[in-house]
Amino acid sequence: MDKKRIIIISTGGTIAMVKKGRTVVPFDKGNALVTDIPELHEIADVELYEFSNIPSPQMTPRLMLELAKKIDEFLEKDDYDGAVITHGTDTLEETAYFLDLILRTEKPVVLTASMRNISELSTDGPRNVLSSVLVASSDSSYGMGVVVCLNDEIHAAREVTKTYTSNVATFDSPGYGPLGVVDENNVIYFRKSLTREKIITDKIEERVAVVKAFTGDDGAILRAVHNMGYKGIVLEGFGRGNVPPEAAQAVEEIVKSGVPVVITSRCFKGRVYPIYGYAGGGADLRRKGAILSEHPLSQKARIKLMLVLGITSDIEEIRKYFEIHIGGMMSEIEH
């Protein structure tokens, strides 16, 4: 059987860093070492493309958009079968979700990283790259959407999040679990995500902020963010998306000005839902014009809102992208 041809696109991160004194810094040849794994070439014909060499906190939505265009450019060619993207772990889940929403290709796209730098004796980078190339080379990965592969687990881009600051088993999909695993070089899928979406656009709105609600929140921070000219706000509330009443009043003012406010939860399982009708409750927020995000993670909702704002600024049109399964509850709220 002919080996698959896989493009490895490197962006930097710990996987391309070395220890310098007591700190860890980018290594100018770090990306090149990604393909310096003998077993890799037994699995697939790999080619390296250096997109960037930056720590992941320096990744931006604009760079994500450029990266998406580059991936589609490679994979629209018949001689490439899939792509592996190396990335820093801090913002990997955001880049992965961005790509999952916007990429036109259905060929396998796998993001991977490492928690330990090149200098460390037990660096996890080489194994993660090897496993990711296996996933990208697997026929069963076609049409699965963008996935994240670390520690021999395969996770959906929409569901995965970083859960531990330093442990190699940091990536998890709370409430969902992995899509599958890599076991003895075998790619095994247990399930397929049913929550994938596509938001195809060539334009994004970068001026979207995340604000976290807190006990005693009087809405002053929300108003300040709005006055700074942000075009969209994601408000991370409590539980089902509830916030203090003063914050809810600020939300109403902001929405009336034409700026969408999307409500998420600080819980990483479950979904925001308009159950509570008291001042600041989810149902009250929706009556005030807020949009309830069924995805609880604020960083993911921000990515989605940036893409949707690239298509429309109409709040009711934006709502359709976020309030997917609220259903019959809507008419009850409105009446």
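At what angle do helix α5 and helix α6 pack, and how far apart are their axes? The model is predicted, so local features need pLDDT of at least 70 and side-chain atom pairs count only at pLDDT 80 or more, while totals for chains, interfaces and linings use all residues. Residues are numbered from 1 along each chain as its sequence is written, and side-chain values use heavy atoms, leaving out hydrogens and water.

The two helices, which like the strands are DSSP runs numbered from the N terminus (helices H or I, at least four residues; strands E, at least two), pack as tabulated, with axes fitted to C-alpha atoms over the stretch in contact and angles running from 0 to 180 degrees between N-to-C directions.

| Item | Value |
|---|---|
| Helix α5 | residues 220–227 |
| Helix α6 | residues 245–256 |
| Angle of α5 and α6 | about 20 degrees |
| Axes of α5 and α6 | 8 Å apart |

Helices α5 and α6 are therefore roughly parallel to each other, a term for angles under 35 degrees. Their contact (heavy atoms within 4.5 Å) involves, among others, Leu-222 and His-226 of α5 and Ala-250 and Ile-254 of α6.

An open sheet of 8 strands, with mixed pairing, has the order β4-β1-β5-β6-β7-β8-β11-β12, where pairing requires at least two DSSP bridges between two strands. The edge strands are β4 (44–50) and β12 (186–189). Within the sheet, β6 and β7 run parallel and are joined by 2 bridges, and Leu-111 has Val-148 in β7 as its bridge partner.

Notes
Parallel < 35°, antiparallel > 145°, perpendicular 65-115°, else oblique.
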